[in-house]
Amino acid sequence: MKAGRYGVYGGQYVPETLMSALIELEETYERIRQDPEFSRRFSWYLHEYAGRETPLTYCENLSRDLGCRVYLKREDLLHGGAHKLNNTLGQALMAKFMGKRRLIAETGAGQHGVATAIAGAVLGLPVEVYMGEVDTRRQALNVARMELLGARIIPVASGTRTLKDAINAAMRDWVENLRETHYLLGSCVGPHPFPQIVRDFQSVIGREVRRQILEREGRLPDTIVACVGGGSNAIGIFHPFLDDDVRLVGVEAGGEGLASGRHSASLTAGSVGVFQGALSYLLQDGDGQVLETHSVAAGLDHPSVGPEHAMLKDTGRVRYEAVTDAEALHAFRYLSRTEGIIPALESAHAVAYALRAADDLDKDGIIVVNLSGRGDKDVADVANLCGGAA
Amino acid sequence: MSGRLGAAFGRARAEGRAALVAFVEAGDPSLAVTGRLLPALQAAGADVIELGIPFSDPIADGPVIQRASQRALGAGATLAKVLDAAAAARGEGLSVPLVAFSYANPILAFGVAAFARRAAEAGIDGVLVTDLPPEEGEAAAATFVSSGLDPVFLLAPSSTPARIRRAARLSSGFVYLVSRPGVTGARNDLPEGLPDLVARVRAGIGRTPLAVGFGISSPEQVRAVSREADGVVVGSAIVRTMEEAVAAGRDPVPAAARLVSSLAAATRG
Ligand SMILES: Cc1ncc(COP(=O)(O)O)c(C=O)c1O
């Protein structure tokens, strides 16, 4: 396979003006992966600062309800409240090694913006975050957190005013300011080498799960479930298991149902196209224009997905399923009451799939659900949606 | 190489000036206006017209062309309809060379080979795909060439000598040098060191004509760039002039033609 390709997917579909930056990033990344000083510092930040390793929690109540052994990988307990910090600490540290003096990022739910603001604050790099105007309204808590952390928010009013337009705006900023700026992309999307860098930094999730489950159960799980927006928490937990006999399921946002057209399920309902630098699955019309998407979870509300997932879909190694807003909202409340854990609405999609799929497992079956983030950011929104008490 | 593009650059070179390449967003504010615009810009002295194909996510464009792209999509423009409009204009005698300036995805959705055939039939001469660098664009370029279209690749100030040679090898109508790191949009100044940049690029591209664009808007800038390059591209300034005319309730076609005619005069010194 060519570097930067996942089967036919991936690549570097960007204007020539960005190529020098991608080449610089590729070269830097190759260098720092072998640099013991980088590894030492990255590992320090992950463990001493961010709180790794995160627990793999056996959930007794959930297991009783589902009739199998259910574990949650607790990325909600990572500093910042989501898996996003694994990637932002890695990339921000890399930016320092490259001599960059400014970080820019896009954000949808605000979790990646918060994680970038945290990494920028602790590593002494100023941060500017592009965020669609629609998202600044529905994720007001995270806007306040980012500002408190010293980041500047730049609301994006073009296009659909959501995550995809925030990525477009960040790419335009980057191309003008390549020399001093690192674009800290938040998921395993975009042109090579981003999908690889983000996957490698997030794979710590899966490596820990492997060690933890072997310790606890003496064997690998039967099934691993993760939600898929751009696909970073999913690829992070899946990747160390790709060569094992473990069922892997990626759960996309089915919104108001695939038939409604109001969803973000690019793998289950999209077609192949080039978008934001990569060839992957994409929600588009017959003329190749990118469609508006919908999900109750802002972090899943995106028309495309990382190219490695596109390949894993085609090869059949990972199964991709869609879960509706209603199922995710049910799982949000269910997990809160059953286990005392309020999941992010994004992660609630993975929980919802586990609720649906448990019937297929016998009582000795082991299922691991990646709880990619905590749901504090969503509490107000869910209360509004459900009329009062969440 | 298509006859028309080669001839246009050849004619300008023989007259000791740069060719004026005028960019317009196809379908902005409507395809009917584009149909009137093309002959008007030809008459005003545009040597080449770039037809921007509207796309929902134009990452290489600044706010002016982003807005134009949204308006065009809102008014129903599609790649197929833009090609039909070009064919209709050719049917009415339009002779200026036309370059389709697109993002990759509308062309992929159309089918690269089907697009190449249809574009050639419609009288398109060249194709520039913004987000296809040489790494990704070799196969498409070969398909364009086999349909008689000239592939045009972008170069940037950061392009290395090897990349410059590669882009030139794949391009046949001309090579498009982006004058500065950034997105499209009018700027008040020209980038420093443009003559050196042009000299460096020329050393790698041989005899292929070199057009310079991004940020060029005024006759003074056109005059200055004309002294260095074989072609000068003006885009956002034209698109903005049309936007302003429409906002003021005026016909955008004569407004664009007036601007193009002053820019064309500037190529003559
Ligand atoms: C908690 C959480 N999970 C998942 C996602 C989706 O991103 P990805 O698919 O890259 O993991 C987000 C995005 O904001 C998120 O905040």
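Which residues are linked with A:Arg52 in a network of salt bridges? The network joins A:Arg52, A:Lys73, A:Glu75 and A:Glu208. A salt bridge here is a side-chain nitrogen of Lys or Arg within 4 Å of a carboxyl oxygen of Asp or Glu. Side chains of opposite charge can pair when their charged atoms come close. Over all chains, the structure holds 48 salt bridges.

The model is predicted: local features need pLDDT of at least 70, side-chain atom pairs count only at pLDDT 80 or more, and totals for chains, interfaces and linings use all residues. Residues are numbered from 1 along each chain as its sequence is written, chains are lettered from A and ligands numbered from 1 in the order in which they are written, and side-chain values use heavy atoms, with hydrogens and water left out.

Two further salt bridges lie within chain A. A:Arg262 pairs with A:Glu256, and their closest N and O atoms are 3.1 Å apart. A:Arg262 is partly exposed, at 39% relative accessible area. A:Glu256 is also partly exposed, at 48%. (Buried means under 20% relative accessible area, exposed over 50%, and partly exposed in between, with a 1.4 Å probe and protein chains only.) A:Arg356 forms a salt bridge with A:Glu327, with 3.2 Å between the closest N and O atoms. This pair links distant parts of the chain. A:Arg356 sits in helix α15 (residues 345-357) of chain A and A:Glu327 in helix α14 (residues 325-339) of chain A, 29 residues apart. Helices (H or I, at least four residues) and strands (E, at least two) are DSSP runs, numbered from the N terminus. A:Arg356 has 36% relative accessibility, so it counts as partly exposed. A:Glu327 is partly exposed too, at 27%.

The next topic is the interface. In all, 32 residues of chain A are in contact (heavy atoms within 4.5 Å) with 36 residues of chain B. The two chains bury about 2600 Å² between them, 53% of it on carbon and sulfur atoms. Buried area is the accessible area (1.4 Å probe) that two parts lose on being put together, summed over both. In chain A, A:Glu16, A:Arg172 and A:Gln289 lose the most area to chain B. Together they account for 26% of what that side buries.

Four salt bridges are counted between chain A and chain B. In one of them, B:Glu136 pairs with A:Arg5, and the closest N and O atoms are 2.2 Å apart. The elements that give two or more residues to the chain A side are β2 (9-13), α1 (16-33), α8 (163-176), β11 (271-275) and β12 (277-282) of chain A. The largest share, seven residues, comes from α8(A). B:Arg187 forms a salt bridge with A:Glu176, at 3.8 Å between the closest N and O atoms. B:Arg187 lies in the loop between β7 (175-178) and α9 (194-205) of chain B, and A:Glu176 in helix α8 of chain A, so the pair joins two chains. A:Glu176 is partly exposed, at 37% relative accessibility.

In chain B, helix α4 (residues 79-91) was examined. Its buried residues are B:Leu79, B:Val82, B:Leu83, B:Ala85, B:Ala86, B:Ala89 and B:Arg90. They cover an arc of only 155° around the axis, which puts them on the same side of α4(B). The arc is that of the directions from the helix axis to the C-beta atoms. These residues pack against elements of chain B including α1 (3-14), α2 (31-44) and β2 (48-52). Just after α4(B), B:Gly93 takes a positive phi of about 100°.
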